[in-house]
Amino acid sequence: MSLTLKNVTYTYMVGTPYEQTALKDISLEINRGEFVGIIGHTGSGKSTLVQHLSGLLAPTRGEVALDGVSLHAKTDAARQARRKVGLVFQYPEHQLFEETIYDDIAFGPRNLGLAEEEVEQRVRRAMAFVGLNYEDYARRSPFRLSGGQMRRVAIAGVIALQPEFLILDEPSAGLDPRGRDDIFGRIVELHRATGTTVILVSHNMEDVARMASRLLVMDHGRVVLDGPPLALFREGREILRVAGVDVPPVTALLLALRQRGLPVDDTALTPQAAAQAIATACRRRKPC
Ligand SMILES: Nc1ncnc2c1ncn2[C@@H]1O[C@H](COP(=O)(O)OP(=O)(O)OP(=O)(O)O)[C@@H](O)[C@H]1O
């Protein structure tokens, strides 16, 4: 049972001089329980891809399906399928609009037609999940919060829908390191505790490699790598070992990626981040 893309191509502004093909013949399958990280240069197609996975965009060619049900059919089954996928947009706080935090988080569950009692339960749980105290915050305006807190409210709104597939498009963009660690810690915890499938888009290779068990690398509308991040770190370590201690880990990782002809965002990998990511990956999984 899975979320699948079959030969998906997507072109923006078809038939105009501004036509832009953002996804090129992508086929992939994401199984329940996976934690998938997506990286790639600006404009490589990450956001377009996740908008297909959530059913928000329909492919120009090909098919997106959940458990075999096309997300774009105009049927009840397709509507039900789309509800199982929750998407947190980039800068989701820009979409807050209700007068209270409670109403903002309750908006989605109310739309599902749930009884108010159930809605309240979900709001309470979602607020607890993102670390906002219900008694203190539920009746406050979301617009008086800090940027990081607004982001939490927006994420809580999607969590309250209890999606089976949770997709986050750059959830840490614009947050300070503490806010970033906090959000990621909670996402990892949700994944562990509930088995929710997580699909995480990030510019930061280290973030993704630290959390994801599967890494997709995108380049010019194609998925050019699909595999476990640990394999890349192993390659990096091997190059390090051969090259000696003078080569910083970041160079080794960049080499490993480049040897495979993959696009690399040099600025995303500081030497410290690369070294820490290797150490964490090795500690967490089998010895390497
Ligand atoms: N609404 C749109 N209309 C026209 N072209 C678009 C639109 N949205 C994206 N594109 C183009 O599609 C391509 C893929 O964009 P997309 O936003 O999916 O990339 P991305 O990898 O998510 O980039 P970023 O990391 O900057 O968010 C880019 O060339 C972009 O200019």
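Trainee: Where does Met13 sit?
Mentor: Met13 lies in the loop between S1 and S2. Helices (H or I, at least four residues) and strands (E, at least two) are DSSP runs here, numbered from the N terminus. Bear in mind that this is a predicted model: local features need pLDDT of at least 70, side-chain atom pairs count only at pLDDT 80 or more, and totals for chains, interfaces and linings use all residues. Residues are numbered from 1 along each chain as its sequence is written.

Trainee: Is Met13 buried or exposed?
Mentor: Met13 counts as exposed because it has 9 C-beta neighbours inside 10 Å. The cut-offs go like this: buried is 20 or more other C-beta atoms within 10 Å of a residue's own, exposed is 12 or fewer, partly exposed is in between, and C-beta atoms are placed from the backbone. The phi of Met13 is near 50°, a positive value in a residue other than glycine.

Trainee: And what about the phi of Glu170?
Mentor: Glu170 also has a positive phi, near 50°, and isn't glycine. Glu170 is in the loop between strand S7 (165-169) and helix H7 (177-194). Glu170 is buried, because 21 other C-beta atoms lie within 10 Å.

Trainee: Switching to the ligand, which residues are around it?
Mentor: The residues are Tyr12, Met13, Gln20, Ala22, Gly40, Thr42, Gly43, Ser44, Gly45, Lys46, Ser47 and Thr48. To be near a molecule or strand, a residue needs its C-beta atom, placed from the backbone, within 6 Å of it.

Trainee: Which element gives the largest share of that shell?
Mentor: That's H1, with three residues. Strand S2 (20-31) and helix H1 (46-53) each supply at least two. By class, the shell has three nonpolar, eight polar and one charged residues. Ala, Val, Leu, Ile, Met, Phe, Trp, Tyr, Cys and Pro count as nonpolar, Asp, Glu, Lys and Arg as charged, and the others, Gly among them, as polar.

Trainee: Now the sheets. What's the strand order in the four-strand one?
Mentor: The order is S2-S1-S4-S5, in an open sheet with antiparallel pairing. S2 and strand S5 (69-70) are the edge strands, each pairing on one side only. Two strands pair if DSSP finds at least two bridges between them.

Trainee: How many bridges join S1 to S2?
Mentor: Eight, with strand S1 (residues 2-12) running antiparallel to S2. Thr11 has Thr21 as its bridge partner in S2, and Val8 has Ile26. S1 also pairs with strand S4 (residues 61-66), over five antiparallel bridges, where Thr4 stands opposite Ala65.

Trainee: And the six-strand sheet, what's the order there?
Mentor: S6-S7-S8-S3-S9-S10, also open, but with mixed pairing. Strand S6 (85-88) and strand S10 (222-227) stand at the edges with a single partner strand each, so one side of each has no neighbour in the sheet. Inside that sheet, strand S3 (residues 35-40) and strand S9 (residues 214-219) run parallel, joined by five bridges.

Trainee: Last topic, the core. Which of its residues touch the most other members?
Mentor: In the largest nonpolar core, which has 63 residues, they are Ile38, Ile105, Ala156, Ile167, Ile199 and Leu200. Helix H6 (residues 147-159) gives the most to this core, seven residues. A nonpolar core means buried Ala, Val, Leu, Ile, Met, Phe, Trp, Tyr and Cys residues joined through C-beta atoms within 7 Å.
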